[in-house]
Amino acid sequence: MLVNKQTDLRTCMAAPSTNFPSLGEAFKFLFDVSGLLAQKYGQSEKLTNERLKKSIQTKLARLAKGEGDLDKSISELISDFSYLLLEAVQNPTVLAVSVQTLADIHDAYQNTLKREGTYLSKEATTRWMLDCWLPDLFIKSAQKYSLMASLDKEELSFPHDNDWWLPHFGERMITPLEKVWHWIYEKANTTQSRFHNPDGNATQNSEMASRWFRRDRLPTWSELQNNLNASVELLTNCSNQKYQRELAPKLINSFRVVLFFARMSTDIFRRIKDAYGIGYAKKLTQQVKAQNRRLTKFHRKVKIDLEARLANVAFKDENHARRSWRDEASTFWSNYSTKLIRDSQVMQEMESFQAEEPLSITDAKKLLTQFDPFFISMAIRQKRYAPDNSQLTFLKLYMQGLELQKRRDLTTSELENYQALVAENGYDDELRWLVEWLFATRCNRSDEHNTAYEHYKRAFELSKHRIGKESYLLVNEFAAACAKNNKWRDFKKLVSWANHNAIQVRWHRGFDDSDEAVRMAFEMFKYVSY
C-alpha cells in the first residue's frame, strides 16, 4: 500500500491560500460593499423581519464555505439582492442595468475559475484580476447596458464629472461619496450645513454628515438614506424662506441613486487601498479613468450612429421605440464583440506580442493604430503578467506533475522523487494538491480504492478554485472514487459543487439535479476505470 506522508486533511488545509476567491466569497463581497443588509434605520420593507436578514447572512456564509445547495442559494441571493437594490435606487431601469452588468461579471468570473489556474496567493490573484480585466469588464458592461436601456431617458441627474464614481487623489484621498455630497449641495443651491440643518435645529443630522468627511467614516446605506430623507424634509419645511428648498421628486431620486453607487465605490476602493496600499489604489484609479474615458468617447459615436439609423422609423409608441433601440444596440455590440475576438486573435499572433520582453512604446503605438484602444490597453496589461524565472520553475514542476499523472506505469520511487523535488523548490503548499492527486492515481491503478479515495478527497479540497481546466479530470476521478467506496453523501456534495462551478460530471452533466439522476450517475461511476 502506498501512503502519503501528509495524510491529515486539517494540516493540508492550514496551508496558505493559493487560489481564486470562490463564487460564494464573491457574492458575500457584493453584499458587504453594497451595505444593503445594514438596516439600523429600518429603510427596507423586506428586512423588517430580523429573521429574513439572518437568513440571507446564513446563505452567504454557507455559500462562501461551499456548503448546501449552491445553485439554489445563488438563485435566492440574486433575488434578494435585486429586491433590496430596487428598494435602494427606486428605478427599474437602473436595476436592470446593474443586474445585467453583475450577470456579465458573474459569467466571466465563472469561466475564469473554469479555465485559469493560479500559483499566486488569493490576494495576489485578486490583484491580477484588478490589473488585467475585472474593472474593464465592469466599465464595458455598465456602459453597454446603459446604452441599450436608454438610461439617459430616465430623467436622472448625474454629476458632470464622468469619473464621479472614482476617488480623487490629491493632498488626501477624496472619496466618491464626498464628491457626490458636494454635488448634491450644489444642485440644491445650498451649503453643507444648510442642506442638513436649514433651520439650525437638527444638529445631530448635520454633525453626522460632517463626521463622514472629517473622520473619513463610511456610513451605512440606511444611515445615508435616512439622512438624505430627513434633510430633504427639513429643507421643504424650513421656516426661513432664505434656506427653504422645494426639490423635485426626480432630483431627490437622482440623489438616492448616485449616493448608493458612490457609497459602494467608496467601500470598494477603501478595501483596495487597505489591501494593496494607496499607491496601488491611485494607479488603479488612473487606469480605470482612462478606460472609462475611452469607452465613453466610443459610445458617443455609437449613439450618433444608432440615432441616424432609427431617425426615419415610425414608432407605434415609446415602448416600441425603446425596444427598437435596444435591438439595434444589442446587434451592434454582438457584431462588435465578434470583431474584437477576431482582432484579439490576430494581435496575439503578432511577433511583438509573442516576444518574451515587454512591448516597446513603438510597438504599443503601432497596435493602437490597428486595434481598439480600450481592449489594447487590457491586452498590454495582461502581457505584463508573463512569468518570471522563479515562476517558470513552478510551471515546469506543474507540467512535470501533470505528465506523471498521465503515466500508466507511475512508480513509487518516481512519485516520491517528485514530491521531494516540489518541497526542495519551496512549492509544497502550492503543489500539494498535485502530489495528493499523484498518490491517488497510483493507488487507484493498484486497486487500493479506499486509500485512493482519501488522497482524491485531499487533492480535491486543496485544488478548489486554483487549477482551472484541470478540475474536470480530477473531479471526475474523485467522483469515481466516491462511487467505488460507496460515499454517497460526498458524491452528492461533489456534483453540487461541480454544477455550481460549471464543471461537467460524467453521466450527469448538470441537466437534472434530482436525487434519481445523481444516483444513476453514482451507480454508473462504480464501473469506471481511470
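**A close look at one residue, and then outward**

Guide: Let's start with Asn-205, which has a relative accessible area of 12% and is therefore buried; the cut-off for that word is under 20%. Please keep in mind that what you see is a predicted model.

Asn-205 sits in helix 10, which covers residues 203–214. Leaving aside residues up to four places away in sequence, Asn-205 touches His-196, Asn-227, Ala-230, Ser-231 and Leu-234.

Now let's step back to the whole chain. The chain has 530 residues, and 50% of them count as buried. Its fold contains 24 helices and two strands, and the C-alpha trace spans about 90 × 60 × 55 Å along its principal axes. If you take contacts between residues at least 6 apart in sequence, 73% of them join residues at least 24 apart.

Two packed helices are described by the angle between their axes and the distance between the axes. Turn to helix 20 (residues 432–445) and helix 21 (residues 449–463): their axes come within 8 Å and cross at roughly 160 degrees. An angle over 145 degrees counts as roughly antiparallel, and so helix 20 and helix 21 are described that way. Their crossing is left-handed. Helix 20 contributes Trp-433, Trp-437 and Phe-439 to the contact, among others, while the residues from helix 21 include His-455, Tyr-456 and Leu-462.

The loop between helix 20 and helix 21 holds Asp-447. Although Asp-447 is not a glycine, its phi is positive, at about 60 degrees. Asp-447 counts as exposed because its relative accessibility is 58%. You will find a positive phi at Gln-90 too, near 55 degrees, again in a residue other than glycine. Gln-90 belongs to the loop between helix 4 (70–89) and helix 5, and at 43% relative accessibility Gln-90 counts as partly exposed.

Charged pairs come last. Side chains of opposite charge can pair when their charged atoms come close. Searching the whole structure gives 28 salt bridges. One of them joins Lys-144 to Asp-104, with 3.8 Å from N to O. Lys-144 lies in helix 7 (residues 134–148) and Asp-104 in helix 5 (residues 92–115), so this pair ties together parts that are 40 residues apart in sequence. Lys-144 is buried, with a relative accessible area of 11%, and Asp-104 is buried as well, at 18%.

Other pairs stay within one helix. An α-helix has 3.6 residues a turn, so residues three or four places apart point the same way. In helix 14 (residues 318–348), Glu-318 and Arg-322 are four residues apart, about one turn, and they form a salt bridge whose closest N and O atoms are 3.5 Å apart. Glu-318 counts as partly exposed at 45% relative accessibility, and Arg-322 is also partly exposed, at 23%.

Helix 18 (residues 389–406) holds both Lys-406 and Glu-403, three residues apart, about one turn of the helix. Their side chains meet in a salt bridge, 3.8 Å from N to O. Here Lys-406 counts as exposed at 56% relative accessibility, whereas Glu-403 is partly exposed at 46%. Finally, have a look at Lys-59, Glu-76 and Asp-80, which a network of salt bridges links together.

Conventions: Residues are numbered from 1 along each chain as its sequence is written. This is a predicted model: local features need pLDDT of at least 70, side-chain atom pairs count only at pLDDT 80 or more; totals for chains, interfaces and linings use all residues. Side-chain values use heavy atoms; hydrogens and water are left out. A salt bridge is a side-chain nitrogen of Lys or Arg within 4 Å of a carboxyl oxygen of Asp or Glu. Buried means under 20% relative accessible area, exposed over 50%, partly exposed in between (1.4 Å probe, protein chains only). Axes are lines fitted to C-alpha atoms, for helices over the stretch in contact, and angles run from 0 to 180 degrees between N-to-C directions. Angles under 35 degrees count as roughly parallel, over 145 as roughly antiparallel, 65 to 115 as roughly perpendicular and the rest as oblique. A crossing is left-handed if the near helix is turned anticlockwise from the far one by less than a right angle, and right-handed if clockwise. Contact means heavy atoms within 4.5 Å.
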